[in-house]
Amino acid sequence: MRNVKFGVATAALLAATLTAAPAGAETTVLSNATVIDGTGKPAMPGSAIVMTDGKISWVGPMAQLKAPKGANTVDLSGKYVMPGIIDGHVHVGMMKDVAQDVKFYDRANVESDLKVYAAYGVTTVVVAGTDKDVIIDIRNDLRKTRPSMARVYTSGQGLVQKGGYGGLYGLNVPISTPEEARKAVAAEAAKGVDLIKLWVDDEREMIPVKMPYTVTKAAIDEAHKHKLKVWAHVYYLDDAKELARQGVDGFAHIVRDKAVDKELIDLMKAKGTWQASSTLSREIVYSMAVMPWINDPFFTRGVTPGTLTALRSPEREKNVMLGYLRVPGLPYEKKLFYDMGRTVVQAMDNYTALVQAGVKTGMGTDSGPNGRFPGFNAHEELQMEVMAGRTPLDAIKSATSDNAAWLGDKTVGSIEAGKWADLLVLDADPLADIRNTKSISAVYVAGNSVPTIWQTCRDRPSNACTGGWKDRSPTPY
Ligand SMILES: [Zn+2]
């Protein structure tokens, strides 16, 4: 593998953003870039972006640029700029290597994850109901300042049915009745969460309990009283339909038990229900004994040595290959391994159907828990959206301005004057090949240049910190 030095470029970028600007305002001009603004508009070559105090103050053609006097300029000739990615479904702070436990959740671990997301160009994340209350302080602090890590939306502690599926063990307090659902929603609203999350699943009929519709209805009604959107983990087509009828605002996963039909599509369109995150990349890891990206520096640089060791172990391969087939006494015995592969296909087919029907869709990965990787999965998800039939331009829109629209956030998600300068600068054209979102040259959060995955080696021995995106052998597409 060729050894590529990034030091000079990095230093220049940092110097550009750290230099004090005159007249109290910090202004940086990104010049000569091809801008993909995230709204679905075609790419605009020969463009400039002016960042003032962390916000985009102007974007337009180079010919019309009036660079403020004394502004720092970063020449982005040959490079592409898109909005920072918004990952609409993550979990944070729960992992140490491949161990997942509520005891690992603290401010430091959450912020460590948020820095990994930012390194991969994911500048906003939406956490799906597994946060401790400290997340409110973290989120508020990020909103008060110009952060150097990903911004956060939180669903607090999502609602889990007693004895049912979902949540983070030891964190989410299970509920049983509609009354308890209302109380739980009111308590989350009082904390100041952004969204309410529900889990409606029985893990392929493995668990005898699933959240009843009386409980989901109470939760949705109560959330709407508090002007909060509700998003639900779903698996079954029938549940998705009933929840859409009840007014749920979004789904955290795509339907995977059977093909989506006209009834669901019509319901979602009539009610304005979002496929808020599709989590296609989530499905694929469960069917893989050997991960094709296990030696890809784009992946390895974002995880700990302990994670790599565990993922490369023969025990894991054996467990994936054989473990699913040998779970004694469960109704899905001898069938789940097949189902896992089938689930990926069903998820992809359903995603294609929803997109083609014009249902509102946002990008989300469900990264964070064991086997799904912060930041890395967002790029896998974009690839899978394109495999499912979207154009790269449209996939990028789903992960930027569409997700901002789902969140009701007018400050991020596109490259337009007035928005935060949350930007992903790429060396290669993502519209020519969506995999080029991995050619990360720079990431800005509120105009702050943060270390990219090609500039950092996450807790790794320094001798492993070699190679840039050009040294990668292509990943399977
Ligand atoms: Zn999740």
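Three strands form an open sheet in the order β11-β12-β13, with parallel pairing, where two strands count as paired if DSSP finds at least two bridges between them. The edge strands are β11 (195–199) and β13, each of which pairs on one side only. Between β11 and β12 the parallel pairing extends over five bridges, and the bridge partner of I196 in β12 is V230. Strands here are DSSP runs of E with at least two residues, and helices are runs of H or I with at least four, both numbered from the N terminus.

This is a predicted model, in which local features need pLDDT of at least 70 and side-chain atom pairs count only at pLDDT 80 or more, whereas totals for chains, interfaces and linings use all residues. Residues are numbered from 1 along each chain as its sequence is written, and side-chain values use heavy atoms, with hydrogens and water left out.

**Helix α6**

Helix α6 (residues 237–246) is largely enclosed by the rest of the structure, because seven of its 10 residues are buried; buried means under 20% relative accessible area, exposed over 50%, and partly exposed in between, with a 1.4 Å probe and protein chains only. The buried residues are L237, D239, A240, K241, L243, A244 and Q246. They pack against α5 (213–225), β12 (229–233), β13 (250–251) and α7 (262–271), contact being taken as heavy atoms within 4.5 Å. After α6 comes G247, whose phi is positive, near 95 degrees.

**Salt bridges**

Side chains of opposite charge can pair when their charged atoms come close. A salt bridge is counted when a side-chain nitrogen of Lys or Arg lies within 4 Å of a carboxyl oxygen of Asp or Glu, and a search of the whole structure finds 28 of them. One network of salt bridges links K241, E242, R245, D261 and E263.

| Pair | N to O distance |
|---|---|
| R182 and E222 | 3.2 Å |
| K191 and E188 | 2.8 Å |
| K438 and E380 | 3.4 Å |

In the salt bridge between R182 and E222, R182 belongs to helix α4 (residues 178–191) and E222 to helix α5, so the pair ties together parts that are 40 residues apart in sequence. R182 is partly exposed, with a relative accessible area of 29%, while E222 is buried at 11%.

The pair of K191 and E188 lies within helix α4, where the two residues are three apart and thus separated by about one helical turn. K191 is partly exposed, with a relative accessible area of 27%, whereas E188 is buried at 5%.

For the salt bridge of K438 with E380, K438 sits in the loop between β14 (423–426) and β15 (440–445) and E380 in helix α13 (residues 376–387), so the pair ties together parts that are 58 residues apart in sequence. Both K438 and E380 are buried.

**The zinc site**

The protein donors of the zinc ion are H89 (NE2), H91 (NE2) and D366 (OD), which lie 2.1 to 2.2 Å from the ion. Donors are N, O and S atoms within 2.8 Å of the metal (3.2 Å for Na, K and Ca), and sites may look incomplete because water is not among the atoms. In sequence the donor residues are spaced H-x1-H-x274-D. H91, in the loop between β6 (85–90) and β7 (95–96), and D366, in the loop between α12 (336–357) and α13, link distant parts of the chain, 275 residues apart. H91 counts as buried at 6% relative accessibility, and D366 is buried with a relative accessible area of 3%.
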